[in-house]
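Welcome to my notebook. Here are a few things I looked up, one entry at a time.

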Amino acid sequence: MAWADKPAPRPGRRLMLLGGAAAAAGFGYWWQRRQPPDHNHPRLTAAEAYAQARAGVITLVDIRTPQEWRASGVPVGSHQIDMRRGDFIEALQAAAGPDLSAPVALICARGVRSARMTLKLAEAGFTNVIDVPEGVLGSAAGAGWIAGNLPVARWEG
């Protein structure tokens with residue numbers, strides 16, 4: 001078949017192929033954003049975090065949003081400090097004290113935000129930040145606070 005005899009490409013085919021590549025790249029970005037970053041900071045299960053918070057060994061901080069606290073309740077023994085607050089560090093120090101070496105455990109929904117915030121607090125000079133990677137709702141790290149039948153309180157915001 002000569003070049004002139006080949007059928008013209010369909011106009012939408014190239015866009016469809018490019019759209020598929022963009023969707024795949026978008027999915028890769030979405031998936032990457034939902035993976036907790038690796039770190040070498042201590043980790044606790046939800047049950048260990050509850051026991052240590054109850055015993056006064058750690059300050060447990062739920063860094064989720066008020067909407068999430070309303071929807072699922074809050075872990076009993078936790079302080080609720082939305083990680084998006086501009087004064088997050090000050091609010092954290094109000095809950096845990098000004099000593100940057102005081103043990104602080106972070107919990108979120110599924111362990112992604114707590115891992116990220118663990119790294120950020122370490123960069124800010126906190127030396128005893130602990131991650132609760134299974135979170136409130138569970139993750140690959142474990143069943144989570146709620147499925148572990150740990151006590152949850154209604155958020156009074």
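Entry one. I began with Trp145 and found it buried, because its relative accessibility is 0% and the cut-off for buried is under 20%. I keep in mind that this is a predicted model.

Entry two. Next I looked for aromatic pairs, and the structure holds two. I then checked where the partners sit: Tyr50 is in helix H2 (residues 46-54), while Trp145 is in the loop between strand S5 (129-131) and strand S6 (152-153). The pair therefore links distant parts of the chain, 95 residues apart. I also looked up Tyr50, which is buried at a relative accessible area of 16%.

I turned to Trp69 and Trp155, whose ring centres lie 5.2 Å apart. Their planes are at 55°, so I noted this pair as tilted. Trp69 belongs to helix H3 and Trp155 to the segment after S6, so the pair ties together parts 86 residues apart in sequence. For Trp69 I read a relative accessibility of 4%, so I put it down as buried.

Is Arg64 buried or exposed? I found it buried, at 1% relative accessibility. I located Arg64 in the loop between strand S1 (59-62) and helix H3 (66-72). Which side chains does the Arg64 side chain touch through polar contacts? I found Asp62 at 2.9 Å and Ser72 at 2.7 Å.

Methods: Residues are numbered from 1 along each chain as its sequence is written. This is a predicted model: local features need pLDDT of at least 70, side-chain atom pairs count only at pLDDT 80 or more; totals for chains, interfaces and linings use all residues. Side-chain values use heavy atoms; hydrogens and water are left out. Helices (H or I, at least four residues) and strands (E, at least two) are DSSP runs, numbered from the N terminus. Buried means under 20% relative accessible area, exposed over 50%, partly exposed in between (1.4 Å probe, protein chains only). A polar contact is a pair of N or O atoms within 3.5 Å; within protein, one must be able to donate a hydrogen and the other to accept it, and residues adjacent in sequence count only if both atoms are side-chain atoms. Rings of Phe, Tyr and Trp (its six-membered ring) pair if their centres lie within 6.5 Å; planes under 30 degrees apart count as stacked, over 60 as edge-to-face and the rest as tilted.
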